[in-house]
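Please open the model in a viewer and display the whole chain.

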Amino acid sequence: MKELVRPVRPAPGARVAVVAPSGPVVEERLQAGLDLLRGWDLDPVVAPHVLDRHRSLPHLAGADADRAADLQSAWCDPTVDVVLCARGGYGAQRLVDLLDWDAMRAAGPKVFIGFSDSTALHEAFAVRLGLATLYGPVAAGIDFVKNARAQEHLRATLFAPETVRTLRSGGVPLAPGRARGVTLGGCLTLLATGYGTPHSRAGARGGLLLLEDVGEPPYSVDRALTQLLRTGWLDGVAGVALGSWHRCGPYEELRPVLADRLGGLGVPVVEELGFGHCEGALTVPFGVGAVLDADEGTLTLDAPALR
């Protein structure tokens with residue numbers, strides 16, 4: 001697996017376009033997130049349809065075509081340096097076939113930030129644009145607007161990425177060892193449901209796979225991991241780093257599932273790396289070379305997430 005193109009870090013005053021590719025956005029939280037960004041000397045602009053609601057599908061932030069148009073317009077706007085998702089939820093998968101990837105490629109690399117449902121977009125940016133991305137807090141996310149750790153780690157990743165090249169686990173290794181590869185991953189169920197689609201990778205060979213999820217009981221996590229195993233998607237993966245599993249049942253019931261499904265890969269597996277749907281979630285880059293040391297509980301990037 002090859003490293004991807006790392007975007008340039010934003011300068012003071014950089015324009016940040018906020019888009020809503022997935023679920024509906026709470027306006028009060030969005031405003032709080034915008035205030036935070038302004039406090040970082042960034043210039044946030046809200047895409048036209050961010051506060052929309054789909055007429056018949058309440059889990060979507062507006063019509064697919066409108067959400068796609070917001071994302072594409074933001075990406076192709078030469079005055080925009082960063083594109084930041086407003087929230088997760090569900091809906092990003094519905095957009096990827098509506099985007100003009102040739103036009104977006106021609107617009108050049110930018111910083112893309114989002115997590116959870118935006119896993120579908122992280123995969124598409126990797127496959128279609130060859131671009132490294134940031135799996136991190138969203139503008140209207142409760143963790144972003146309320147938690148200083150999440151805020152400061154994202155801020156450091158944007159403005160001083162050389163200071164946050166090592167992430168440390170809060171757990172113990174599920175499988176020991178040390179491995180080198182290129183980071184990829186995101187929300188487990190999005191990766192599993194994206195398998196076989198034209199905007200997702202055919203497999204994780206040579207990669208350091210970062211996995212997390214939310215609201216999935218242990219049997220559902222088992223099902224998604226089993227699908228990735230049966231399809232061969234996990235063949236040749238170099239190592240696995242696990243993030244949060246919020247509302248995925250008692251961890252003492254989930255942990256044996258993770259050990260059972262991932263332990264047979266014969267690669268290092270580390271848990272509780274502090275990214276995903278957890279309090280104080282860290283920002284992790286996808287598409288960057290790194291070393292995973294399960295015994296030390298660290299993921300160390302070969303280079304800063306942004307140039």
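Begin with the surface: the chain has an accessible surface of about 12,000 Å², and 50% of it belongs to carbon and sulfur atoms (areas by the Shrake-Rupley method with a 1.4 Å probe; for residues, only the protein chains shown count as cover). The model is predicted: local features need pLDDT of at least 70 and side-chain atom pairs count only at pLDDT 80 or more, while totals for chains, interfaces and linings use all residues. Residues are numbered from 1 along each chain as its sequence is written, and side-chain values use heavy atoms, leaving out hydrogens and water.

Next, show the chain as a cartoon. It contains 9 helices and 14 strands (DSSP runs numbered from the N terminus, helices being H or I of at least four residues and strands E of at least two). The radius of gyration is 18 Å, close to the 19 Å given by the globule rule for 307 residues, so the chain is as compact as a globular protein of that length (taken over C-alpha atoms; the rule is 2.2 Å times the number of residues to the power 0.38). Along the principal axes, the C-alpha atoms fill a box of roughly 45 × 45 × 35 Å.

Now select the interior. Of the 307 residues, 58% are buried (under 20% relative accessible area; exposed is over 50% and partly exposed in between, with a 1.4 Å probe and protein chains only). The largest nonpolar core has 76 residues, and Leu 30, Trp 75, Val 83, Ile 113, Phe 125 and Leu 158 have the most contacts inside it (such a core is a set of buried Ala, Val, Leu, Ile, Met, Phe, Trp, Tyr and Cys residues joined through side-chain atoms within 4.5 Å). Helix H4 (residues 119-129) supplies the largest share of this core, 6 residues. Apart from it lies another core of 26 residues, including Ala 175, Leu 211, Leu 228 and Leu 254.

Centre on Trp 75. Leaving aside neighbours within four places in sequence, its contacts (heavy atoms within 4.5 Å) include Val 83, Met 104, Phe 112, Phe 125 and Leu 131.

Move to Gly 89, in the loop between strand E3 (82-85) and helix H3 (101-106). Gly 89 is partly exposed, at 42% relative accessibility. Residues up to four places away in sequence aside, Gly 89 touches Ser 22, Gly 23 and Asp 117.

Finally, select Ser 116, in the loop between strand E4 (111-114) and H4. Its phi is near 65°, a positive value in a residue other than glycine. At 8% relative accessibility, Ser 116 counts as buried.
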